[in-house]
Amino acid sequence: MIACLLIPGFELKAALRTRPRLATYPAALAPEAGEEPLLGPVTAAAEAAGVKPGMRLGEALATCPSLVLVERDPATVEREWEEVLRRLEDVGFAVDPVEHGAVVFETRGVERLYGGVQPALERALAAVGSAWDPRIGAAGRRFTALAAASVARPGQILIVAEKDEQAFLEPLPLTLLPLAADRYAELEGLGVRRLGELAQLPGGAVAERLGVEGRKAWRLAHGGRKAKVRGRKPVSELAEVLAFPEAVANELTLRRALSSLLERLLARPERAGRPFRKLALAARLVDGGSWRRAITLRDATAEPARLRAALGPRLQELPAPVLELRLEVVELAGHMGQQLALVEPAGEEAVGRLREGLRQVRASTGSGSVCTVVEVAPWSRIPEARALVVPRDD
């Protein structure tokens, strides 16, 4: 059975870990700097005052003048989320993170260990801890499990039997589907507001009206396709931190600090000579917030000059003076080096380089970003129905 553990408003809860008093106040996650002024997750007190996630900042302050805006803390969010994932892995689950606050895993491998599906899911809730208000949904399909977790109460485990999946999905709102806002409005204009109403429409008509996005939504309204959950690869634990005695904003000083962190990382014996594929640069800011940027290298490398050239320009994006600079290894390459050839690669060597390129893309954009086209109905007159785009496994 596939399970989904959900922690709504995870980014806000993580940012409030160092300020727990604000959790009882009307508070909301501040908008991203330089982007549209829309609120992030809100506390229960803010929701009771009429403030909702996604509300415009001016409207929210007019609705609740005492609203407290919580600065985003991406470094803390990443650290706390990694801790949640490792707790689940420690009790035996192979996890596949969807986003911060949502993770999918299968129970089949641990059901005998814990005595069934329900005890296994209870063990997962206990591992995460009640402080996060997690909830779990479980079903035979991934999307149904996510939908079940979305309607479950904090601390609740909602299991949907395979024979009841369609009936369970029918009354749920369309907002569970990964659609753009204008698509929701378009469907509501046609009188379609529930998953069951969308599922009753002909799939070809939905694909013709909404394209590939609509075809995918129609399949999800039927529960989506069955697929195994592939656990993530073990993450690297290599990281180096440099704390400053006072706040630093000088770029030259920061670049020298970055060079020092790189030298320390390259000297770590745990690296075993393998080059870096993906790194993350994080900082603790003087105003109490944090900053974090992940960098995927075009070619895995351990050359200091190339690493400095890739990471150095990111320091210009720092929004405030820095109290602490941290360099993390997100992913190491599987090989220890690459032998250059005098002639054009072919055969197995070309295939190997192609696979390495695919691994680079996955490291940068996620596990489901590399897909292949599979023909399912080449005779159909509707282009969107002739083939499906599915993630590649190799």
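I started with Ala-272, which counts as partly exposed because its relative accessibility is 46%. This is a predicted model, so I only went after local features where pLDDT is at least 70. Ala-272 sits in the loop between helix H12 (251-266) and strand S9 (276-285). I made a note of it because most residues other than glycine have a negative phi.

Asp-133 is not a glycine either, yet has a positive phi of about 55°. I placed Asp-133 in the loop between helix H6 (117-128) and strand S6 (135-139). With a relative accessibility of 34%, Asp-133 is partly exposed.

The charged end of Arg-271 sits over the ring of Phe-276, 5.6 Å from the ring centre.

**Aromatic pairs**

Next I went through the rings. How many aromatic pairs are there? I get three aromatic pairs. One of them is Phe-10 with Trp-81, an edge-to-face pair at 5.2 Å centre to centre, with 70° between the planes. I wrote down "edge-to-face" because 70° is over the cut-off of 60 degrees.

Where do the two partners lie? Phe-10 is in helix H1 (residues 10-15) and Trp-81 in helix H4 (residues 74-90), so this pair ties together parts that are 71 residues apart in sequence.

The next pair I looked up was Phe-93 with Phe-105, which is tilted: 4.6 Å centre to centre and 50° between the planes. Phe-93 lies in the loop between H4 and strand S4 (95-99), while Phe-105 belongs to strand S5 (residues 102-106), and the pair links these distant parts of the chain, 12 residues apart. Both Phe-93 and Phe-105 are buried.

Ring pairs join Phe-10, Trp-81 and Trp-132 into a cluster.

**A buried charge**

Strand S4 came up again, as Asp-96 lies in it. Is Asp-96 buried or exposed? Asp-96 counts as buried, because its relative accessibility is 12% and the cut-off is under 20%. I looked for a partner and found Arg-142: a polar contact of 3.0 Å joins the side chains of Asp-96 and Arg-142.

**The second largest pocket**

Sorted by class, the lining of the second largest pocket has 15 nonpolar, four polar and 10 charged residues.

**Distances across the chain**

Last, I checked two C-alpha separations. Gly-211 lies in helix H11 (residues 203-221) and is buried, with a relative accessible area of 16%. How many residues separate Gly-211 from Pro-383 along the chain? They are 172 residues apart along the chain, but their C-alpha atoms are separated by 9.3 Å.

Ala-305 is in helix H13 (residues 304-311). At 52% relative accessibility, Ala-305 counts as exposed, because the cut-off for that word is over 50%.

Technical notes
Residues numbered from 1 in each chain as written. Predicted model: local features only at pLDDT ≥ 70, side-chain atom pairs only at ≥ 80, totals over all residues. Heavy atoms only, no water. Phe/Tyr/Trp six-rings, centres within 6.5 Å; stacked < 30°, edge-to-face > 60°. Helix = DSSP H or I, 4+ residues; strand = E, 2+ residues; numbered from the N terminus. Buried < 20%, exposed > 50% of the residue type's maximum accessible area, 1.4 Å probe, protein only. Lys NZ or Arg CZ within 6 Å of the ring centre and 35° of its normal. Nonpolar A, V, L, I, M, F, W, Y, C, P; charged D, E, K, R; others polar. Polar contact = N/O pair within 3.5 Å; in protein donor to acceptor, adjacent residues only side chain to side chain.
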